[in-house]
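Please read it alongside the sequence and the coordinates.

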Amino acid sequence: MKRKVLATFLTACMAVGMLAGCGGSNSGSTSEGGAAKEEGSADASEEGGEAEADVNEDGTVNNPEAVKVDENKLVFWSLFSGGDGEFMDKIIEEYNSGDPAKQVQSIMLVWGDYYTKLQTAVAAGKGPDIGVSHASKLPELVDQGVVEPIDGYLEELGVDLSTMYSENSLESVTFDGEIYAVPLDTHAEILYYNTDILKEAGVELNAEGKLDIGSWDEFKAMLDKCKAVMGDGESVISLPNNGDDPYRIWWATYFQMGGTPLVNEDGTEVTMDKDIAVKAAEFVKSLYDDGYIAAGIDDHQKFFQSGKSAFFFGGTWATGAFEKTENLNFVAQPWPNLFGNDSCWADSHTLILPVNPDRSEEETKAAVEFMVGASNEGGLTWAGSGQIPSSNAVRESQEYLDMPYRSGYAAALETAVLPSKNPNFYAMKAGMIESLDTLWTGTADAAASIDTLYGELESNLQ
């Protein structure tokens, strides 16, 4: 794969203002690996003084390069701020207590700004020692030269990833025969429900304590029963009306309805079935129009946690947070088969080695050692967050199999439809979300929204 120099990217960022983070925003709805949070009220340093990290209420930082770091530790930039951050912190704490070659210091960035700040920092020669990338973003980072391959360091450490991960997981991080990341997890959009509300509504669970859902009609009947008992300020389904999450429901619906891949494998042609795309969009819009989703839900994870919703459409990363929520009785299971198959949305987190000219060979080897350890020795701890660990050994362990819910929705590994390895996918995704938002918010109909979405795909072909 051709590696592009980052000079073009850096020039573009400078054009819109480096202080603005190249246009990054930390508002919006829940995204992979965490909910985007509003900034806290931390004040910037006085003019002429040293820049401050500007820490938000949730512990994320807006200026990671200003964080005081321990020169004896490897710096790890994390994007886990949606309830899973504490689990990664625990992994790092456990790793550091084991007397490794180099300890690790974590800095948690605002999710909405993460990739912009990572790419900009690397372009300026100030990247972190270790980072995170979604598998769907990794092709772009590899193409831009933001990350470096780790094969040589794995060989020095005597690590053979092919014995530790599935072929699909390893393929997702391999480009032109070189490995660029260590797989960490798969995180899917799944179904959660409040068992207290379902009991009140007369919705029965099966002998295993789960819902039997074999079609949209069956699920609609359950929604209608719950709707009859919901009060003011409550919602049958907890879902925002913009952003990533309704897009993920559209994605699952499109493929369950028999939709073809959105673009071909080499990213040169749009292959989306527009008729099915419109039909899937109309279905998601009907959830709003038929009163199953209340208006004005911003943080839909917190809304469900508050006990005000019967159902929550969200990512696996919410499981660990829900388990710690007092008086929240819930069940989590795979995304239901509503239209003929079990397709669902999913992505994966990977641990990456950002390009950093100041990192020594010894430090680089230590960074790769941490990446492998965090995914494997730390995999069971990571499973506590709700994510499906990539490590075969962790998923096959009795400890994992005994964890509530996890092994049940691990089936998403087989049924999820992941994006193709396309360096333009994130640009495509942003355009798709913006196009669909016009439908959810009522400013366009389904046909017009999908026409725009189709055009976004076309404009970002290879």
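1. With which residue does arginine 406 form a salt bridge? The model is a predicted one, and in it the partner of arginine 406 is glutamate 323, with the closest N and O atoms 2.7 Å apart. Arginine 406 belongs to helix α17 and glutamate 323 to helix α12 (residues 319-323), so this pair ties together parts of the chain that are 83 residues apart in sequence. Arginine 406 counts as buried because its relative accessibility is 1%, whereas glutamate 323 is partly exposed, at a relative accessible area of 36%.

2. Tyrosine 405, in the loop between α16 (398-401) and α17 (406-409), has a positive phi of about 75° although it is not a glycine, and its relative accessible area of 23% makes it partly exposed. A positive phi, near 55°, is also found at aspartate 99, again a residue other than glycine; aspartate 99 sits in the loop between α2 (85-96) and β4 (103-108) and, at 68% relative accessibility, counts as exposed.

3. The search of the whole structure finds 14 salt bridges. One of them joins glutamate 148 to arginine 359, with the closest N and O atoms 2.9 Å apart. This pair links distant parts of the chain, 211 residues apart, since glutamate 148 lies in the loop between α4 (138-144) and α5, and arginine 359 in the loop between β12 (344-352) and α13 (361-375). Arginine 359 counts as buried, with a relative accessibility of 7%.

4. Aspartate 244 and lysine 429 also meet through their side chains in a salt bridge, at 3.7 Å from N to O. As aspartate 244 lies in helix α9 (residues 244-256) and lysine 429 in helix α19, the pair ties together parts that are 185 residues apart in sequence. Both aspartate 244 and lysine 429 are buried, and they take part in a network of salt bridges that links Glu189, Asp244, Asp245, Arg248 and Lys429.

5. Helix α19 (residues 425-440) also holds aspartate 437, which is a point to check with care. Aspartate 437 is buried yet has no salt bridge, and the nearest side chain of opposite charge, arginine 248, is 11 Å away. When its neighbours within four places in sequence are left aside, aspartate 437 is in contact with Asn242 and Gly243.

6. Tyrosine 165, in the loop between α5 (151-157) and α6 (167-172), counts as buried at 3% relative accessibility. Apart from neighbours within four places in sequence, its contacts include Val182, Pro183, Ser375 and Asn392. Tyrosine 165 and alanine 393 are 228 residues apart in sequence, but their C-alpha atoms are 8.5 Å apart in space.

7. Helix α3 (residues 114-123) is mostly covered, as 9 of its 10 residues are buried, among them Lys117 and Gln119. Just after α3, glycine 125 takes a positive phi of about 75°.

8. Aspartate 212 lies in the loop between α7 (195-201) and α8 (216-227) and counts as exposed, at 51% relative accessibility.

9. For the chain as a whole, the secondary structure comes to 20 helices and 14 strands, and buried residues make up 56% of the 462 residues. Of the contacts with a separation of 6 or more, 76% are between residues 24 or more positions apart.

How values were computed: Residues numbered from 1 in each chain as written. Predicted model: local features only at pLDDT ≥ 70, side-chain atom pairs only at ≥ 80, totals over all residues. Heavy atoms only, no water. Helix = DSSP H or I, 4+ residues; strand = E, 2+ residues; numbered from the N terminus. Buried < 20%, exposed > 50% of the residue type's maximum accessible area, 1.4 Å probe, protein only. Lys, Arg positive; Asp, Glu negative; His and termini not counted. Salt bridge = Lys/Arg side-chain N within 4 Å of Asp/Glu carboxyl O. Contact = heavy atoms within 4.5 Å.
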